[in-house]
Amino acid sequence: MTATTETTQDVAISVRDLKTYFYTNNRCNKALNGVSFDIKKGKTLCIVGESGCGKSVTAATIMQLLPDLARIEAGEVVYHAERGDIPLHSLERNGAEMRRIRGAEIAMIFQDPMTALNPVYSVGFQIKESLKYHVKMTGAAAHRRAIELLSEMGIALPEKRVNDFPHHYSGGMRQRAMIAMAMACNPKVLIADEPTTALDVTIQAQIFELMDKLKREHGTGIMLITHDMGVVAELADDVAVMYMGNIVEAGTVDEVLRNPSHPYTKALLESVPVLGKGKNQDITAIRGSTPDPLDRPKGCQFADRCDFAIDKCQQMPPEEFMTSTHRVRCWRHEELSNAAS
């Protein structure tokens with residue numbers, strides 16, 4: 001990947017040519033096959049793409065939360081901490097250094113609150129555990145902070161609900177409790193894997209406002225995984241579009257949304273209804289389905305579903321920079337970009 005103008009002073013986490021493979025039944029799923037991006041300080045990077053494209057695997061790789069049958073085959077994940085650069089890819093998954101970083105400096109909001117919260121401990125206990133371990137808060141101070149966090153998340157009667165167990169909470173409340181845990185230590189990097197899936201739009205707006213406050217006041221770098229292009233347009237500073245383990249297009253939010261240069265990005269935008277255009281607008285679904293990850297086609301992974309495919313697409317196109325920040329992986333990106341403009 002060609003170097004951009006960003007320096008490590010501006011970047012919280014650098015990911016370079018990351019390859020994460022899953023091994024099952026003597027078969028290999030190349031879940032991430034050469035992914036590169038930066039999570040910048042005080043900025044939001046939105047990663048978008050269909051289910052199965054590798055978004056959640058990217059988050060799990062950064063956090064060193066991969067299952068036993070997965071491993072990082074190549075590439076690097078470097079956390080640019082105040083005390084120096086830390087190669088996360090080479091740290092022991094459950095070693096002392098990774099445990100110190102995870103939750104305190106790099107926090108994650110998981111997609112499924114049912115599996116992320118421990119059912120045998122109260123919600124308050126789980127929030128306070130993080131505060132005591134990472135911030136060294138005393139019991140009374142941690143209890144007050146846990147109540148504050150639940151209140152900020154819009155949970156009614158936080159003084160009472162802090163002592164409740166996860167099964168006493170509704171799905172949306174569990175999601176908010178998990179977000180409270182992630183935000184407890186004011187992390188330097190926040191990775192949010194579809195954090196508002198189970199929430200109504202009012203609470204969604206409240207959560208995104210809190211994330212924006214964290215970004216503004218603490219310079220937190222945010223990596224937001226989402227399917228919602230409306231959220232991307234509203235919150236993102238930078239966008240990376242993923243398909244079958246590759247980033248097919250990336251750039252600033254204006255570059256990607258106003259000048260999409262990969263057929264997959266165009267197809268994603270055309271499949272989203274536009275507010276104000278009424279019921280007669282033409283919404284086009286992306287034809288076909290994603291290929292079998294264990295039996296991938298040669299060359300461009302999107303070619304079989306692409307209206308612009310040519311014979312050359314049987315070879316994987318190189319990543320090319322259209323500007324210093326806008327990059328795309330498509331043989332026909334120039335003519336597609338010119339057609340859009």
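Asp17 is partly exposed, with a relative accessible area of 41%, where buried means under 20%, exposed over 50% and partly exposed in between (1.4 Å probe, protein chains only). This is a predicted model in which local features need pLDDT of at least 70 and side-chain atom pairs count only at pLDDT 80 or more, while totals for chains, interfaces and linings use all residues. Residues are numbered from 1 along each chain as its sequence is written, and side-chain values use heavy atoms, with hydrogens and water left out.

**Confidence**
- The mean pLDDT (the predictor's confidence in each residue, from 0 to 100) of the protein chain is 89, and 96% of its residues reach 70 or more.
- Over residues 1-5 pLDDT stays under 50.
- Where pLDDT is low, the predicted coordinates should not be read in detail.

**Positive phi**
- Asp17, a residue other than glycine, has a positive phi near 45 degrees.
- Lys136, also not a glycine, has a positive phi of about 60 degrees, and Lys136 is exposed at 64% relative accessible area.

**Salt bridges**
- The structure holds 18 salt bridges, each a side-chain nitrogen of Lys or Arg within 4 Å of a carboxyl oxygen of Asp or Glu.
- Glu105 pairs with Arg83, their closest N and O atoms being 3.1 Å apart; Glu105 is buried at 17%, whereas Arg83 is exposed at 52%.
- Arg83, Glu97, Arg100 and Glu105 are linked in a network of salt bridges.
- Arg327 forms a salt bridge with Glu319, with the closest N and O atoms 2.8 Å apart; Arg327 is buried at 6% relative accessible area, and Glu319 is partly exposed at 23%.

Notes. Contact = heavy atoms within 4.5 Å.
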